[in-house]
Amino acid sequence: MPEDLNWAVGGEAGDGIDSTGKIFAQALSRAGRHVFTSKDFASRIRGGYTAYKIRTSVDELNSVVDRLDILVALTQRTIDENLDELHEDSVVIYDGERSWDAEVPDEQIPLDVPLKSLAEDAGGAIMQNVVALGAACEVAGFPIEHLDSALEKRFGEKGQKLVDNNQEAARKGRDYVQENYDHDFGYSLETTDNDYVLLNGDEAIGMGALVGGCRFYAGYPITPATNVMEYLTGRIDEYGGTVVQAEDELSAINMALGAARSGARAMTATSGPGIDLMTETFGLIATTETPLVIADVMRSGPSTGMPTKQEQGDLNMTLYGGHGEIPRFVLAPTTIAECFHKTIEAFNLAEKYQTPVYVVSDLAMAVTEQTFSPEEFDMDEVEIDRGKVVDEDNIDQYLDEQDRFQPHYDAGDGISPRAFPGTVEGAHMTTGLEHDELGRRTEDTDERVRQVDKRNRKVETAQNEEDWSPREFGNEDAENLVLTWGSNEGAIREAMQKLDIDVRFISVPYMFPRPDLTEAVESAETTVVVECNATGQFADVVERDTLTRVERINKYNGIRFNADELVDRITETFAAESEAKV
Amino acid sequence: MSSQAHFTDFKSDKQPTWCPGCGDFGTMNGMMKALANTGNSPDDTFICAGIGCSGKIGTYMHSYALHGVHGRALPVGTGVKLANPDLEVMVAGGDGDGYSIGAGHFIHAVRRNVDMTYVVMDNRIYGLTKGQFSPTSREDFETSTSPEGTKQSPVHPLALAMAAGGSFIAQSFSSDAQRHTEIIEQAIEHDGFSLVNTYSPCVTFNDVDTYDFFRDSLVDLDEEDHDPTDYDQARQRIMDFDNIYQGVLYQDDDSVGYEKRLGIEGPMNEIPDGAPEDAMDLVREFY
Ligand SMILES: Cc1ncc(C[n+]2csc(CCOP(=O)(O)OP(=O)(O)O)c2C)c(N)n1
Ligand code: SF4
């Protein structure tokens, strides 16, 4: 892996940290560099430390590291919070004229730039962050024209004057560093002609929904899922759809259910606490055989937990949540690009099998912006499969001898025909009560067993007809096997490049149905399951599926894994295991 | 099926399991007649129901229908109508379903003003769970869970609807078949959310709020020279908790359904076989 540069801007929430970081990330991406971002933020709007971190390289990036090369610190706390990540060549850009007495530790290179007064010279103190970006360009050896282009994108709609002022502010920052420091910082960020796009996991889910034909979205704001709703708002209307901000999650999922029964591709997205509320209706969706996509963008729980922190704690909830027994599909994208692809797949599965489908993502993915080449989103490959929809021409074969439409007709594969309301002769009733093929309530013991089996058979059919393969990396014959799910894939892939031992790595994007891992686990000397939770929910599942004990690497302090710590923990785990076996 | 549907077309072949004499029979007959009289057919009607004796109504009628979980029928109806504004959407349930567990949704459905008709079978008791007090029960009403009265004042659905900005607020009595049907017809024809609180006596568990009680106490607005478009007059009658009225108490003539205000033009059930043609533009936004 060639040189990567790690940059961050930090300050108080409300200081515009997010947009400053985003502008720089966009500048880098527009310069053909790969970008991988992360955020430190607290659950409050004003006050409280917040930071936007960017890792950039000309090579593909999939994870974060614990190292900061350039830090723009708008507060002392920004320096204090990041001390561990600073090294002897780290450059700290700060404003010595501001009221705080900046204490940049001796080991680092302090760069005192009068951000505020330079911004005032350019037209307004509000642009102090952009002055800092200009200074950062100089330090990083990054041509300021790329920053111009990002500023243009950011402010263009608000008028040329604003763009000019900001570009001028950036230049003031750059010039100040040029004129006052003749230090050679040693960076020279290469640019390329590559075209990249920069997006986060929530946006990828939203885009997947639009491309996948979603027309109705109902939701209730919750971190870190809100961005899905914000993305769709305004955009979905262009395709004849709508977004409803419901009064709560109970309402959101029931609205989505109603829309799905009207024949729209419908979805909702939320995070753990919202999933709790939606669980009441989850069983109804499965019993009425309604296609619905529910995205759970996990955050740290239980209860309100740590709303702005990472965790993969909802796996059991999505696999088993709800009273009674509920057939369902659970997809867990392992990268931001997969958030897009899996959302489209979720809609197809939901409609083909008429079941609720969870798309499980997490905070680390939701707030991370990453560069992709646009071809990653190959629109020609997108196929929409609406399953068994009946119309006037073929409805006859699904009518009973009294010409009544049978919404729960058992065709053997467990999948019934669907008649959208408005279809002549299709009028029918569906209910959360156990029912017969006509949808009418029943407590008949044989019919009950038949309908339960019919609904469960859909899962069997899907298991046979769909591809549930995991993603494989590393050496297939290695005796050390690493398993994971969700957003940890990138960090593990990077760790593999630095590991001294040979590993086989399987990243699982399907939680239910899921690939059969028995052979892989049995043929490995030692298996370790990596996940961001305390109890090892996926590890439990793997043990149960394969009837083999596995090792666990868990993290639940609210922060995602990074590659370096995984190198250590994976090495230790396998070493301890091989010692124990001697 | 065309607009000549007869009201019996809205009847399913399932026999109601309601107690003989239950007020819900009359409520349902009026709904079926009103649907037929306003030119609807089972194939373009959607009925959402909640849980309770009242909620079973969708089971006994014939149309597209969903019988959901307790208290959540209004959000389902909202989704159905927004995703296909061509459908005639009716939502039905009991006072417990609508004003207790579903009270939050009720207020928001009223103010959202989606074009649908909400019929609440108000029997002032929980029927299906066998006789506990409901949110509309009187304060001194003795039941298995209120042996000395409820000690809470009842909910006033019409007042709640008015406070939430309701655009059509009406009340009917299930055994006054003609008036009940007329009122539901007006509700169907109203553009926006229509509340019809229908007194629908429970003959098994409520021996206070009986047919006789409603017959004796209901004041018909037709005989009161009431102008439902006069907001102040409507408000006075709705806030007059000493009397109960039958008829349309309030109607906003200028009401426009939420789906129209959102600009939804037709059913959302048609989508392309693959990605939309301009899909790459969505990606390009992220440059
Ligand atoms: C979540 C949930 N809680 C409780 C119940 C039990 N329950 C069924 S019907 C009902 C009350 C129904 O009262 P109402 O809406 O007034 O209808 P009625 O039976 O009087 O027509 C209750 C509490 C349930 N089905 N679901
Ligand atoms: S219990 Fe009451 S509400 Fe229920 S069916 Fe019997 S009479 Fe009607």
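A disulfide is a pair of cysteine sulfur atoms within 2.5 Å. Keep that cut-off at hand for the exercises below.

The model is predicted, so local features need pLDDT of at least 70 and side-chain atom pairs count only at pLDDT 80 or more, while totals for chains, interfaces and linings use all residues. Residues are numbered from 1 along each chain as its sequence is written, chains are lettered from A and ligands numbered from 1 in the order in which they are written, and side-chain values use heavy atoms, leaving out hydrogens and water.

**Exercise 1. Count the disulfides over all chains, then check Cys532(A).**

Step 1. Applying the rule gives 0 disulfides over all chains.
Step 2. For Cys532(A), the nearest cysteine sulfur is that of Cys339(A), 15 Å away, and Cys532(A) is in no disulfide.
Step 3. Now look at accessibility, where buried means under 20% relative accessible area, exposed over 50% and partly exposed in between, using a 1.4 Å probe and protein chains only. With 1% relative accessibility, Cys532(A) is buried.

**Exercise 2. Describe the shell of residues around ligand 2.**

Step 1. A residue belongs here if one of its heavy atoms lies within 4 Å of the ligand. Chain B supplies Trp18(B), Cys19(B), Cys22(B), Cys53(B), Asn123(B), Cys202(B), Val203(B), Thr204(B) and Phe205(B).
Step 2. Sort them by class: Ala, Val, Leu, Ile, Met, Phe, Trp, Tyr, Cys and Pro are nonpolar, Asp, Glu, Lys and Arg are charged, and the others, Gly among them, are polar. The shell then divides into 7 nonpolar, 2 polar and no charged residues.
Step 3. Pick out Cys22(B): its relative accessible area is 12%, and Cys22(B) is buried.

**Exercise 3. Explain why helix 7 of chain A is largely enclosed, and examine both ends.**

Step 1. Helices (H or I, at least four residues) and strands (E, at least two) are DSSP runs, numbered from the N terminus. Helix 7 of chain A covers residues 201-211.
Step 2. Because 11 of its 11 residues are buried, the rest of the structure largely encloses this helix. Among the buried residues are Asp202(A), Glu203(A) and Met207(A).
Step 3. Just after the helix comes Gly213(A), with a positive phi of about 90°.

**Exercise 4. Is Glu289(A) buried or exposed, and where does it lie?**

Step 1. Glu289(A) sits in the loop between helix 10 (272-287) and strand 11 of chain A.
Step 2. Although not a glycine, Glu289(A) has a positive phi of about 60°.
Step 3. Its relative accessible area is 2%, and Glu289(A) is buried.
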